[in-house]
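Visitor: Could you walk me through how the helices in this structure sit against one another?
Guide: Gladly; let us look at the structure together and then take the helices pair by pair.

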Amino acid sequence: MTTSVDNSQRIAAKVAGIAGILGFILVVFGNYVLLDPLIVPRNAVETAHNILAQQTQFRLALACFITYGIGGIVLLTALYVIFAPVNRGLALAGALFRLVFVMLWLVAPLNSLGALRLLGNSTYLQAFESERLQALARAQIAASFDDYYVGLPFFGLAATVCAWLWLKSGYIPKPLAAFGVIASAWCVICAFVFLIFPNFNRVVNDYWFDSPMAIFELVVSFWLLFKGIGASTRSKPNRFGSRSSTPASLRLPVFL
């Protein structure tokens, strides 16, 4: 299959590379540097105290997550531009799967803001004991993780479709694309199993659900930014001056 590349696809590849790298940085910084230190497992009181004492840090983490969502929209648009000439239907499916994930991802900051409101000093909150409000706030934060794991199958499906299109187009090295198909499909399977059997993470650690897929997307982002994309095959001129290496009478029809 010969897939030519135009200038809009090359620009979209650079945009996708930048969006993918920045998105990874935002998630890691927002989650592990800003948010995680404030969350005390199985201790709603200490978690509430930490959040109230470091409200700016907590809100900055939410800002990182919201910015990641914006970057996700940019990324899915760029990927659609890249893949539409390869297979418009699959490119649209991949974009829609990623859009659903982004929308579910953005529910998490809403839940976290709800937790912050429960820990506030509004008059109507005085009808409840502080311990109850702290427990409710912790439940709101926990719901943010549920939002992610509900969205994870969509993220995995989007990545699987994109990895398959990378493989078919030849825009990136095929071994890398093949690894992406396997890693992304693995994520989809783990996500569905975890939703049905919540103790599955005792068998397979949560980080192994999506880490291979995340590594694939990060490597592809660097590849797109620094190497770009090229045609899957490069024909050479034959002795008659034609760019095709195969006579027209012997070419097989390409349906996809």
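**Helices in contact**

Guide: In this predicted model, Ala13, Lys14, Ala16, Gly17, Ile18, Gly20, Ile21, Phe24 and Tyr32 of α1 are in contact with Tyr207, Leu218, Ser221, Phe222, Leu224, Leu225 and Phe226 of α7.

Visitor: How many nonpolar, polar and charged residues does the contact of α1 with α7 have?
Guide: Sorted by class, that contact has 12 nonpolar, 3 polar and 1 charged residues.

Visitor: And at what angle do α1 and α7 pack?
Guide: Helix α1, which covers residues 7–35, packs with α7 at an angle of about 140°, and their axes are 7 Å apart. That angle makes α1 oblique to α7, and the crossing in which α1 passes α7 is left-handed.

Visitor: What about α5 and α7, how far apart are their axes?
Guide: The axes of α5 and α7 (residues 207–226) are 11 Å apart, and the two helices pack at an angle of about 45°. The helices α5 and α7 are therefore oblique to each other, and their crossing is left-handed.

Visitor: Which residues in α5 meet α7?
Guide: On the α5 side they are Tyr148, Tyr149, Leu152, Phe155, Gly156, Ala159, Ala163 and Trp166, while α7 brings Phe209, Asp210, Met213, Phe216, Glu217, Val220 and Leu224. The residues of this contact of α5 with α7 divide into 12 nonpolar, 1 polar and 2 charged.

Visitor: Switching to α2 and α5, are they roughly parallel or roughly perpendicular to each other?
Guide: Helix α2 (residues 44–53) and helix α5 (residues 130–169) pack at an angle of about 80°, with 9 Å between their axes. Angles of 65 to 115 degrees count as roughly perpendicular, so α2 and α5 are roughly perpendicular to each other. The contact involves Ala44, Val45, Thr47, Ala48, His49 and Ile51 from α2, together with Gln134, Ala135, Arg138 and Ile141 from α5. These residues of the contact of α2 with α5 divide into 6 nonpolar, 3 polar and 1 charged.

Visitor: New topic: where is the place of Asn87?
Guide: Asn87 is placed in the loop between α3 (55–83) and α4. At the start of α4, a side-chain oxygen of Asn87 reaches to within 3.2 Å of the backbone nitrogen of Gly89. A polar atom of the Asn87 side chain also lies 3.0 Å from the backbone nitrogen of Leu90.

Visitor: And how far apart are the end C-alpha atoms of α4?
Guide: The end C-alpha atoms of α4 (residues 88–118) are 46 Å apart, which agrees with the 45 Å that its 31 residues should span at 1.5 Å a residue.

Technical notes:
Residues are numbered from 1 along each chain as its sequence is written. This is a predicted model: local features need pLDDT of at least 70, side-chain atom pairs count only at pLDDT 80 or more; totals for chains, interfaces and linings use all residues. Side-chain values use heavy atoms; hydrogens and water are left out. Axes are lines fitted to C-alpha atoms, for helices over the stretch in contact, and angles run from 0 to 180 degrees between N-to-C directions. Helices (H or I, at least four residues) and strands (E, at least two) are DSSP runs, numbered from the N terminus. Angles under 35 degrees count as roughly parallel, over 145 as roughly antiparallel, 65 to 115 as roughly perpendicular and the rest as oblique. Contact means heavy atoms within 4.5 Å. Ala, Val, Leu, Ile, Met, Phe, Trp, Tyr, Cys and Pro count as nonpolar, Asp, Glu, Lys and Arg as charged, and the others, Gly among them, as polar. A crossing is left-handed if the near helix is turned anticlockwise from the far one by less than a right angle, and right-handed if clockwise. The expected span of a helix is 1.5 Å times one less than its number of residues. A polar contact is a pair of N or O atoms within 3.5 Å; within protein, one must be able to donate a hydrogen and the other to accept it, and residues adjacent in sequence count only if both atoms are side-chain atoms.
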